Structure formats: C-alpha cells, structure tokens
Amino acid sequence: MAKIFFEDVVKPTVFSKTKISFNLSALYDKLWEYAIFSLAATGAIIIVLIFVFIFMKAWPVFQASGLKVITTSNFEEQIRHAYFAPLDEQLWEFGLLSLIVGSLTTALGALFIAVPAGVGTAVIICEMSSGLLKRFLEAATRLLAAIPSVIYGLVGLMVVIPLISDRLLNVELQIKYLEYFQLNGYSMLAGIIVLSFMIVPLVIALSVDAINAVPRKYREASLALGITKWRTIIKVVIPAAKSGILAGVILAAGRGIGEAIALSMVSGASANMPSLRHGFVFFLTPVLPLASAIINKSQAISVPSIEAALFSCGVILLVICAFLSISTRIVESAVRRRQGLD
Amino acid sequence: MIKIKIRDASQQLFAWVSALITLAACFGIILFLLVKGHGAVTLEFLLTDPNPTFQAEGAGGILAPMAGTFIVTLTGVVIALPWAIATATYLSEYAKKNLATAYLKLAIDVLSGVPTIVIAIFGVALFTNPTLGFLSSMIEGVEGVNKAFGKSFLVCGIGMAIMVLPYMIKTCEEAIKAVPNAFREASLALGASKKITITDVVLPSARRGIITAIILGMGRIIGDTAIVWLLLGGSIRMTGQQPWWHLSNWLSTLQNTGSTLTTYIFLNSPAGEGNKPELAFAASLVLVVIIVFLNAAAGLIGFMGKVKEE
C-alpha cells in the first residue's frame, strides 16, 4: 500500500527557500491511488463478509445438531416439524446428509459424462477440424455456456423428464418403490443429464485452452517418429495438457455443485437418500441437492430455524466451493511453473 | 494390428460423436424453443404487463419482466463496472508483490467460485438488516419484528454486482495488461503523472477489453435466476407505486419488487406456480435472442480488435 510522504505533497521550490509551494497534483495523485486501493480492498472484504454472515446465520443449527448436520438425514420431516413448531420452541436440529449426497451424486454423475465428452470435443475443435466446422463448434460452445440455467431447467423439464418416465418407468416399479419415494421421472438421472449439458461447455473451453498451450514441437517430434496423428493426440497432446484440463474439471465441479435453479426444476425436490441396494433405481431416486434446497424451501424462510437450516446448506456449499477454487489455483500455478521450466 | 486400428477408430468415433452432440444440443435447444415459443411471441406479448391468472388467456405479456431484467442489469453493471476497473487497475498498475496483493488475488479467485445461490443468501442476511432498510422497505405491522424486507431492485442489483465482479475484474485486468508498456513510458516521459497516464492513456487503450467485460457481465446478470429469486422475490408484477413506468415513481419502483425474464420463466414453467409452459417458452425465446445478440456483439468487438491490429 502506498504512503503519502510529506515531501511528495509539500515541496520547497528552487526559487525561494522560505516560501513553500503546495504540490496539488501530487496530492491528487495520491488520493486517486488511495481511492483505487480502497475500492479493490472492498472486493477483498466482501468475501470475508460472505463467510462471516453465512456462518453467523447458520450457527444455531451447528450448535444444536453438532456433527449430526453432516451425518444424519431426515431433512424433509425436520423442515415440516420446524415449520409447525411454536415460535418460542424452535427446533434447530437438522441433518443434511441426504442433501450433500444429492449434490455430490448429481455433480459427479454429470462430470462422469461431461469430462470425456468435453475433452473429446476439445480435441475435435483444436486438432481435427478446421474452417467453418471449427468456427461452428466454437460458436456452439460459447452459446451453450451463455444459455441461462433456467432455460436448461425448462428444456429438461419438458424433454428429459417425459423421456425418463416413458422409457424407464412402469407402474410395477412405481408400486414397488412407493414405500420409499414416488417415482415420476423427476430424478437424479434427469439432474445428471441436464447438469452435464450445462458444464460441458466449461470443460470444452478450458480443455481447448490447455490443448492450444501444448507447444508445437511436442506434436512435431511425435509425428517425426512416425506416430499417427491420432496416437500423437492421445499419447502426447492430452497428457501434456492434463493439468489444464484438470483445472477445467475442478471448475466444472464447482459449477455443478453450486447449480440451483435447473436442478431444483428436474431433480425431484424431495430429500431422499439414494441407496445402492435399489440397484438401477439408485439413479431414479428423486434427490434434493444443497443449492436447490435453498430455492425450494425459500418460501418458508421467515421461520428462523428454517432460515438457519438453509444458511447451513450455504455454509457447506461455500466451504466446498472455496476448497475447489483454491485447488484450481494450486493446479494452475503448478501448470504455470512447469511451463516456465519448459 | 487390426485391434489397434479398431481402438483408434472407436476413440475417434467417440470424440466426433461428443462434438456432434454438443453441436446438436446447442441448436436443438434453440430450435426447440423456437418451435414451442414462436407462436406466443407477438407485439402484444412484448408490450403488456403480466397478469397473475390461471387461464392462458388474459395472462398478459412480459413488459414488466423485460423492464425488470433491464433495471437489474443496468444497476448491476453500473455498480460493478467502476469497482471492477478500479480493482483491475490497482492489480495491474499499482500492486506490489506482497502478502496483501496475494490475498486480494486469492479473494477474487474464491469469490469467482462462490455459487450464485450463496451470494443470494448472503444478500438475504445482509439486506434484511434494518439499517439497510432504505434499499428495500421495512416490514411493518408485525409486532416485535424489526427487519427490512430485503427484496428490491436495488438490493438485487447489488447482489448481481458482487456476482459479476470477479469475472469483470479478470477481463479488465487482461485488457489493461495487454496495453503495451511503450504507451505508459511515452506518457510518463511527457511529464504526465501516473494518474493521468492511467486515465488518459491506459484505460482508453484498453476500452475494447472493458466493453467486452461489460457485455460478459450483462450476459451473466441477464441469465441468473437464483439471486433474483431470493433478492427480488417471486411476484411477476412490479409492486411499487403504479404506474411503475411513470418517471415520478422511479424510486418506488427501485425500492420495491418485480420480476425478470428468468423468474418469469421459472414461475410459468411446470415447476412454478403459474404452469403455463407456452408463455415460459415464449419468454425463453426472447431471453435466448437477447443472449445471442450479446454474444454476437462480444464476438464482433473481438473481431474488430483483431482487424485493427492487423
């Protein structure tokens, strides 16, 4: 941070030793620097404020439930009880495990589809296509990234949900699982499909950057050894670009975990715990990811305990996403260091 | 040998199929909206206020949501732009390599990773504070509750500004760093102060990047739903003094709630309360057209920059 020195502002002039002239322009310069610095500092303070405010609001839930917040799952019932509890006997105990599992399964499932598809598309854009097709693909990627999440949700609702309920569900299955949850197409699978289309442009964009950053000489050396173009891509280009691709994957994971609207529209909006014992129905379980829970239960936010429960969802999201951003940063700095050595 | 060929071919096939799926998804979504929504988009739909009703007839149009999107975008960008330019200028022109700068960079990185829904509930926590009640309105008539309502266009605009800040900082910083050092040296050699050098030489030379940052920020604000949902509310009409478009009511409109195109779509989709998908599709079509135009504008500016350099 800059300091205002007395000599900078008030300078004795050469002409008279007794009279001191006031150097206005230097003062003005320093004030300008201060103004800029304080604006920049506000941005840095905001993130601290976000952490402080959200932790503060969520604190009663953490205090009342302790570790149970992340180890038990009975969210729907707890919300219902909390909603009807009298104002002076608020219920502060909440278990968010099913929401955390919902967030992780949808995000990981989407990554499982989007990462191979995104890297494949990036390879096509960078190495295998040219001219009009390349420009078309680039434009499509940019546009996919720019389409608002609510539109993904709407299209998912009108296309993916009917597809799932027509193709994968039948009355027998619905009756069989009625004791656990209602199968109606709104499911983890729908969430995964919609989310993978949402994060694929991110994976593509960062993979394209990473692949373009691989030095030409790597490819030339490989081709000169008589290796085919495709083997060069698989064995030389992608391994050289893998840290950059990893940064993209982490970024996409953060986006997937934080996505609220589209998932709240398609993923079922009831906090069930998906169980592997159900076999294939695992993917058809209606789930409620953390971010969508905040949207879904926001109508009841005037109840203090429910407000605190939603803020504790926010705390978990914030911690996960901060961790992911910091890991992206570490990966990126590792990439930069290695490129410096190359 | 044949095995290797089959493996290579199948890998290539996978890459091509995924590229084509990406292409198909993009055009598929737009075509789907076009087919489903084009019938409802009429001049009347664009120019009437929405009307909460269960019938499709008389549900009105999307004038208020469009105006809402415009107001939120404008407030968001107006707040975020000077903030972003100042931070980017500080980082690229003044910051020394020390702990404070490292922290500032880390803070911006973490902020860019915070999901919009978390920024939204941060806004709920901050703006329901009674001292910030002037930004929205106070809750009146409930005994023992001293809280601000915490939902208004102003509040929503501030939330949006926080959301787009890191992206705009990054774009502005890149633009400022791309200005050749010779420009700065020439200006300083002419006796201009550092402040004059930045405001009269560096920032004007970086204007193309700054405009790109604005367009990027606008695109993100227009497409966001979570912040609007929690900081502007779930009503589709403007709730300030009527008529809301009257200039003398501007403050009341800004301090009260309304809707944007995204919440209009959400409310009219089968997931919302309205359940009039045809209107949701029509509004989505309008939204996508706006987004496509913004994208094209950003592309055009980049293209013009390239042409000028050559």
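What pattern does chain B follow when read along the sequence? In this predicted model, chain B follows the pattern α-α-α-α-α-α-α-α-α-α-α-α-α.

**Figure 1. Chain B, with 13 helices and 0 strands.** The C-alpha trace of chain B spans about 70 × 65 × 35 Å along its principal axes. Chain B comprises 310 residues, of which 45% count as buried. Among the contacts of chain B that link residues at least 6 apart in sequence, 69% join residues at least 24 apart.

**Figure 2. The side of chain B that touches chain A.** Contact between the two chains involves 65 residues of chain B and 65 residues of chain A. On the chain B side, helix H1 (residues 2-37) gives the most, with 15 residues. By residue class, the side of chain B that touches chain A divides into 45 nonpolar, 16 polar and 4 charged.

**Figure 3. The crossing of helices H3 and H9 in chain B.** The axes of helix H3 (residues 63-94) of chain B and helix H9 (residues 207-223) of chain B come within 9 Å and cross at roughly 140°. H3(B) and H9(B) are therefore oblique to each other, and their crossing is right-handed. From H3(B), the residues in contact are Thr69(B), Val72(B), Thr73(B), Gly76(B), Val77(B), Ala80(B), Leu81(B), Ala84(B) and Ile85(B). They meet Ile210(B), Ala213(B), Ile214(B), Gly217(B), Met218(B), Ile221(B) and Ile222(B) of H9(B). The residues of this contact divide into 12 nonpolar, 4 polar and no charged. An α-helix has 3.6 residues a turn, so residues three or four places apart point the same way.

**Figure 4. Helix H12 of chain B (residues 261-268).** In helix H12 of chain B, 8 of the 8 residues are buried, so this helix is largely enclosed by the rest of the structure. The buried residues of H12(B) are Leu261(B), Thr262(B), Thr263(B), Tyr264(B), Ile265(B), Phe266(B), Leu267(B) and Asn268(B).

**Figure 5. The two assigned domains of chain A.** The domain assignment of chain A gives domain 1 (6-54) and domain 2 (98-341). The C-alpha centres of domain 1 and domain 2 of chain A lie 46 Å apart.

**Figure 6. The crossing of helices H6 and H9 in chain A.** Helix H6 (residues 131-146) of chain A and helix H9 (residues 188-212) of chain A have axes that come within 8 Å and cross at roughly 135°. That angle makes H6(A) oblique to H9(A). H6(A) passes H9(A) in a left-handed crossing. Thr141(A), Leu144(A) and Ala145(A) of H6(A) make the contact with Val200(A), Pro201(A), Leu202(A), Ile204(A) and Ala205(A) of H9(A). The residues of this contact divide into 7 nonpolar, 1 polar and no charged.

Figure 7. Not counting residues up to four places away in sequence, Val194(A) touches Tyr152(A), Gly153(A), Gly156(A), Val160(A), Ala262(A) and Val266(A). The C-alpha atom of Val194(A) is separated by 28 Å from that of Ile234(A), a residue 40 residues apart from Val194(A) along the chain.

Technical notes: Residues numbered from 1 in each chain as written. Chains lettered and ligands numbered in written order. Predicted model: local features only at pLDDT ≥ 70, side-chain atom pairs only at ≥ 80, totals over all residues. Domains from an automatic or database assignment. Axes fitted to C-alpha atoms, helices over the stretch in contact; angles between N-to-C directions. Helix = DSSP H or I, 4+ residues; strand = E, 2+ residues; numbered from the N terminus. Parallel < 35°, antiparallel > 145°, perpendicular 65-115°, else oblique. Left-handed = near helix turned anticlockwise from the far one by under 90°. Contact = placed C-beta atoms within 7 Å. Nonpolar A, V, L, I, M, F, W, Y, C, P; charged D, E, K, R; others polar. Buried ≥ 20, exposed ≤ 12 C-beta atoms within 10 Å, placed from the backbone.
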